[in-house]
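Student: I have a new structure to look at. Please show me how to read its features.

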Amino acid sequence: MEIVSGTVLRLAEDASVQHVGDGAVVLLARSGQLYTCNGTTEAFLDKVDGARNLDQIVDLLCEELRLTRGRSIRTWRHWPRI
């Protein structure tokens with residue numbers, strides 16, 4: 001599936017996020033894969049709720065992190081699927 005600006009995002013059913021220090025850890029229970037995330041990725045994952053689309057999440061992050069929207073959305077589209 002291609003992720004476009006109107007795509008509603010949610011975490012996989014087997015994914016869990018734990019906040020640690022200045023970032024987070026994501027565990028995929030089925031595969032046992034573990035990912036460490038920096039604070040920016042943590043902020044992104046906090047907004048992935050199954051109700052917001054990519055545009056809405058990017059708008060919230062840009063406001064929160066004081067980022068320029070055009071560059072941000074191009075970058076986030078290439079993040080791995082969790």
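Student: How many disulfides does the structure hold?

Tutor: A disulfide is a covalent bond between the sulfur atoms of two cysteines. This structure holds zero, counting pairs of cysteine sulfur atoms within 2.5 Å. The model is predicted: local features need pLDDT of at least 70, side-chain atom pairs count only at pLDDT 80 or more, and totals for chains, interfaces and linings use all residues. Residues are numbered from 1 along each chain as its sequence is written, and side-chain values use heavy atoms, with hydrogens and water left out.

Student: Is C37 buried or exposed?

Tutor: Buried means under 20% relative accessible area, exposed over 50%, partly exposed in between (1.4 Å probe, protein chains only). C37 counts as buried because its relative accessibility is 13%. C62 is buried too, at 9%.

Student: Which residues have the most contacts inside the largest nonpolar core?

Tutor: A nonpolar core joins buried Ala, Val, Leu, Ile, Met, Phe, Trp, Tyr and Cys residues through side-chain atoms within 4.5 Å. The largest one here has 13 residues, and L9, F44 and I57 have the most contacts inside it. Two or more residues come from each of β2 (23–28), α1 and α2 (54–65). Helices (H or I, at least four residues) and strands (E, at least two) are DSSP runs, numbered from the N terminus. Helix α2 gives the largest share, five residues.

Student: In what sense do β1 and β2 pair?

Tutor: Pairing needs at least two bridges found by DSSP. Strand β1 (residues 15–20) runs antiparallel to β2, over six bridges. V17 has V26 as its bridge partner in β2.
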